[in-house]
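Here is a short report on one protein model. Look over the sequence and the structure first, then read on.

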Amino acid sequence: MWCRCSCCSLGICGLFLLSFILLTHWGFMKRQGLEDLDDLMNLKDSFWSETTAPLTPDAALPIMPTAFVAEATTSTATSETTTTTTTTTRTTESASVIDPNFLSSVDTVEKALACMRLTNPQLEATYPDDAEEHFQEIYDNISSFVSMDFPAHHWAGYTGPWIENYWIKNFTSKWFQRAEGTRLRDVFGPFIPIFVPWVDLAVRERAYPAGMIDMLKQKMRKTVLYVTVSQHDLGVFGGAKMSTFPQSDMPNLFVFSAGGFGHIPVPLLKQPETPLPDIPIASRRYFVSFVGSGWTNRGVRQNMEAVTKAWGEKTHREVFVNLKGMNDWKEVLVNSSVTLTPRGFGRSSFRAGEMLQMGRVPLYIWDDVPWSFYRELWDQEIIGFSVQIKGLEKMLDHVAEVGFEKLQSMEEKILSMRNSHFSYEGIMDQISKFLTGRGGSSDLRCVKFKRRRRRRR
């Protein structure tokens with residue numbers, strides 16, 4: 001509408017225009033999570049002061065990337081306490097600022113909640129004032145049910161220590177041998193640690209000690225966050241057949257999981273493996289291979305065998321797949337450009353961890369949910385390839401197109417990260433960095449806790 005404005009009508013038109021713009025931007029502010037009156041009045045003031053530029057959502061409400069928000073909080077902490085508080089509030093309120101999928105640490109309650117709300121959107125928590133006393137109470141109670149040096153279980157020729165044993169030994173030592181003045185938060189971030197040898201109890205006893213879970217439910221506060229490490233392919237809540245209980249009973253328990261049920265995927269390892277001999281990739285006999293059992297998740301592995309062999313015939317590339325096992329399996333690996341690492345009983349794969357320790361490029365095959373530790377390193381094809389079983393043929397085409405030079409550089413990168421990412425000690429360091437944000441960034445990443453699991457076939 002056009003107005004022939006006198007002095008009086010000019011004011012009326014200006015007021016009408018301002019009202020229209022404010023109402024329009026109210027919708028933008030709702031989407032950005034800024035609905036308080038102060039933001040609305042600031043927007044009004046900016047309208048009168050910026051008469052020469054059009055008022056757009058981007059200009060009015062700039063959103064800082066996650067990395068910049070973290071830097072801003074750090075840089076203003078020493079000089080402007082008020083500014084730090086405001087930034088933290090924005091981080092909590094605006095989902096566009098904290099993206100839980102790309103957090104490299106959860107060193108604050110707000111970040112931890114962002115990660116855990118992928119699973120439980122309504123979760124709320126605060127850090128307890130009596131954190132040290134509360135931890136000691138829970139630790140003492142757990143110790144009355146099970147020893148922290150409970151014997152490790154035996155599986156596939158290995159009798160531990162497993163990742164849960166490393167978690168218990170490494171982090172209890174950090175705490176009980178701490179320097180004077182160290183607080184619990186300095187070691188575990190915004191969490192209270194729970195030390196239980198879950199998988200050893202599940203495998204050796206098929207049950208948790210009678211009364212232990214009930215004790216934890218009673219002692220764990222609903223508004224406090226806790227953290228543990230789990231290896232079992234059915235996780236903390238489903239691993240012990242005689243002691244299963246729903247994850248909803250402990251929604252505030254943050255789980256680093258090697259088996260496939262938790263908030264953070266971590267590598268699944270057995271005994272340490274040494275790097276394989278360095279043979280030029282172009283001279284290796286097999287383009288892709290697998291040697292292992294066919295009875296763990298037969299649906300995936302038998303399908304993998306059929307697709308891979310058919311692909312080899314179609315492309316005239318030599319492949320090797322043996323689902324019965326063989327003694328000289330390492331000789332096959334030495335002469336393979338890429339190694340298939342299908343999921344096993346759980347969503348993860350021991351073979352993937354073995355290949356990375358040996359310095360070989362894995363092709364991880366999953367079915368329902370990818371359990372990709374260091375997810376971005378897989379997504380960017382830095383340490384390997386990842387594909388759902390139904391897309392295996394196309395992925396083999398893609399890997400072939402990548403070329404030997406790219407595969408060689410991937411092997412070199414994998415070997416350079418062997419100690420920091422694919423050893424038990426390296427994983428403990430990655431967990432520590434993720435919990436506290438100290439000592440550098442972690443490559444671990446948050447995922448949604450997938451409660452349901454596809455039936456084993």
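## The largest pocket

The largest pocket has a volume of about 1,000 Å³. Of its 40 lining residues, Trp-155, Ala-156, Thr-296, Phe-345 and Phe-350 come closest to the centre. A pocket is an open set of points on a 1 Å grid over the protein atoms alone, where a 1.4 Å probe fits, with protein on both sides within 12 Å along at least five of seven lines; lining residues have an atom within 4 Å of a point. Volume is the space filled by probe spheres set on the points, which are joined across faces, edges and corners.

Three elements each supply at least two lining residues: helix H10 (198–204), strand E5 (286–291) and helix H15 (350–358). Helices (H or I, at least four residues) and strands (E, at least two) are DSSP runs, numbered from the N terminus. By class, the lining has 15 nonpolar, 16 polar and nine charged residues. Ala, Val, Leu, Ile, Met, Phe, Trp, Tyr, Cys and Pro count as nonpolar, Asp, Glu, Lys and Arg as charged, and the others, Gly among them, as polar.

## About the model

The model is predicted: local features need pLDDT of at least 70, side-chain atom pairs count only at pLDDT 80 or more, and totals for chains, interfaces and linings use all residues. Residues are numbered from 1 along each chain as its sequence is written, and side-chain values use heavy atoms, with hydrogens and water left out.

Strands pair if DSSP finds at least two bridges between them.

Strand E7 (residues 336–342) and strand E8 (residues 361–366) run parallel, joined by five bridges. Thr-339 stands opposite Pro-362 in E8. Contact means heavy atoms within 4.5 Å. Axes are lines fitted to C-alpha atoms, for helices over the stretch in contact, and angles run from 0 to 180 degrees between N-to-C directions.

## The sheet of four strands

Another open sheet has four strands in the order E1-E2-E3-E4, also with parallel pairing. Strand E1 (192–193) and strand E4 (264–265) stand at its edges, each with a single partner strand, so one side of each has no neighbour in the sheet. Strand E2 (residues 226–230) pairs with strand E3 (residues 253–257) over five bridges. Ser-230 has Ser-257 in E3 as its bridge partner. Helix H20 (residues 424–436) packs on the sheet and touches E2, E3 and E4.

## A helix pair

Helix H7 (residues 131–143) packs with helix H11 (residues 212–219) at an angle of about 170°, their axes 10 Å apart. That makes H7 roughly antiparallel to H11, a term for angles over 145 degrees. H7 contributes His-134, Glu-137, Ile-138, Asn-141 and Ile-142 to the contact, and H11 contributes Met-215, Leu-216 and Lys-219.

## Backbone details

Gly-160 and Pro-161 are joined by a cis peptide bond, with omega about 5°. Pro-161 sits in the loop between H7 and helix H8 (163–176). His-316 is not a glycine, yet its phi is positive, about 60°. His-316 lies in the loop between helix H13 (298–315) and strand E6 (319–322).

Terms used:
Angles under 35 degrees count as roughly parallel, over 145 as roughly antiparallel, 65 to 115 as roughly perpendicular and the rest as oblique.
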